[in-house]
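The sequence and the structure are shown first.

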Amino acid sequence: MNKWILIAFCLISPLLGLSQAKLMVLGKCPDCYVQYKPKVGETVEQIAGLAALTPEKLLSLNGVKPGENSRLPAFWRIPITLTNLQKTPGGMPVYHVIERGDNLYRINLMYFQPGISLLQEWNSLRSNSLKDGELLLVGYLGTTSPPVAATTTPIPIPVVPPSAPSPVYITDSSSILRNERIEAAASEGYFAAAFNNAVKGKSWQERSGLCATFKSITGWNDQRFYVLMNDVPVGSTVRISAGGDKFICASVIGPIPDMKINKGLMARLSNAAARQLDMGESMFAVTIQIVQ
């Protein structure tokens, strides 16, 4: 089975070679979003401004509770809205991945009607024909509106003297060592029990980074999920989330092949596991818990 999975890996969709620098729309509109990786030194307030949200709302959407400064995500979930998706260049380009059945009329409605002619202009389209897997520029992330007023909910900013205010800075760390108790639920898949046995009384590492998928015939009915990772022993069981409250447990079946399309990836996850996390088969950000 492991050999079949690795062979099938070579047949993956062209979507997997997309540049990690591009903001690609994930999820289904109107509940769609992008995964944003902060620049070094960027603050929570600045990201909230980009998203046209209050800092409190942004933190809440990303599962960060007040005071949890050490658990800021490496990638931030930013919902795409009428307020932060602009028609004029200046913000960060946002791309829709073309799927079967897509057309300009439908995409125009999905992204708050920038206009079919503008979509054609942005993407240098000579016809209305669209190809599966291609990227279509649909707008620019940013807002020209005044900053959204903060609510009374406290923002987790370190206490500093009034004369020297300091915002919350994003750490660029992709790996954090932890030792608090964690336990996978049975609903997290066939390998949940193996993960719980492995993590008992041990410290564990949390890594955040980009993930893509590979095709697998397992996992759809039996919940046997698999993952390719470097620097993690084959046969290890890891616990994976994609920014929400859903987790799955997966068995490591080998390293990520040394190929150009894999540059910058932390993991490749079976497509059945990605679907369980409500992710598609393009790239997305994940957090992975690894037993030391």
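A charge sits over a ring if NZ of Lys or CZ of Arg is within 6 Å of the ring centre and within 35 degrees of the ring normal. The model discussed here is predicted. Arg77 lies over the face of Tyr33, at 3.6 Å from the ring centre. In a second case, Arg224 lies over the face of Tyr190, and here the value is 3.7 Å from the ring centre.

**Strands S2 and S3**

Tyr33 belongs to strand S2 (residues 33–36), which is covered on both faces. Tyr33 and Gln35 are buried on one side, and Val34 and Tyr36 are buried on the other. S2 runs antiparallel to strand S3 (residues 76–79), and four bridges join the two. Within this pairing, Tyr33 has Pro79 of S3 as its bridge partner.

**Nonpolar cores**

Val34 is one of the residues with the most contacts inside the largest nonpolar core, a set of 33 residues; Ile78, Val94, Ile107 and Leu141 are listed with it. At least two residues of this core come from each of S2, helix H2 (44–51), helix H3 (55–61), S3, S5, helix H4 (104–110), helix H5 (116–122) and strand S6 (135–141). Leaving aside residues up to four places away in sequence, Val34 touches Leu23, Met24, Val25, Trp76, Arg77, Ile78, Ile80, Val94 and Leu141. Another core, of 25 residues, lies apart from the largest one and has Leu26, Ala242, Met279 and Phe284 among its members.

**The four-stranded sheet**

In what order do the strands of the open sheet follow one another? The order is S1-S5-S6-S4, and the pairing among these four strands is mixed. Strand S1 (23–24) and strand S4 (85–86) are at the edges with a single partner strand each, so one side of each has no neighbour in the sheet. S1 pairs with strand S5 (residues 92–97) in the parallel sense, over two bridges. Met24 has Tyr95 of S5 as its bridge partner.

The loop between S4 and S5 contains Thr88. Is Thr88 buried or exposed? Thr88 counts as exposed because its relative accessibility is 51% and the class begins over 50%. Thr88 and Pro114 are 26 residues apart along the chain, and their C-alpha atoms are separated by 9.8 Å.

**Strand S10 and its partners**

Strand S10 (residues 237–241) is mostly covered, with five of its five residues buried. Thr237, Arg239 and Ser241 point one way from S10, while Val238 and Ile240 point the other way. S10 has antiparallel pairings with strand S11 (residues 247–254) and with strand S13 (residues 284–291). The S11 pairing has five bridges, and the S13 pairing has three. Thr237 is bridged to Ser251 in S11, and Arg239 stands opposite Gln289 in S13. Five residues lie between the strands in the hairpin of S10 and S11, where Gly243 takes a positive phi near 95°.

**Aromatic pairs**

A pair of aromatic rings is described by the distance of the centres and the angle of the planes. The count for this model comes to three aromatic pairs. Two of them are given in the table.

| Pair | Centre to centre | Angle between planes | Geometry |
|---|---|---|---|
| Tyr190 and Phe191 | 5.1 Å | 90° | edge-to-face |
| Phe191 and Tyr226 | 5.6 Å | 70° | edge-to-face |

Phe191 lies in the loop between strand S7 (175–178) and helix H6 (192–199), and Tyr226 lies in strand S9 (residues 225–229), so their pair ties together parts that are 35 residues apart in sequence. Through ring pairs, Tyr190, Phe191 and Tyr226 are linked into a cluster.

How does relative accessible area divide the cluster? Phe191 is buried, with a relative accessible area of 12%, and Tyr226 also counts as buried, at 10% relative accessibility. Tyr190 is partly exposed, with a relative accessible area of 46%. Tyr190 is also the ring that has Arg224 over its face.

Key
Residues are numbered from 1 along each chain as its sequence is written. This is a predicted model: local features need pLDDT of at least 70, side-chain atom pairs count only at pLDDT 80 or more; totals for chains, interfaces and linings use all residues. Side-chain values use heavy atoms; hydrogens and water are left out. Buried means under 20% relative accessible area, exposed over 50%, partly exposed in between (1.4 Å probe, protein chains only). Two strands pair if DSSP finds at least two bridges between them. Rings of Phe, Tyr and Trp (its six-membered ring) pair if their centres lie within 6.5 Å; planes under 30 degrees apart count as stacked, over 60 as edge-to-face and the rest as tilted. A nonpolar core is a set of buried Ala, Val, Leu, Ile, Met, Phe, Trp, Tyr and Cys residues joined through side-chain atoms within 4.5 Å. Contact means heavy atoms within 4.5 Å.
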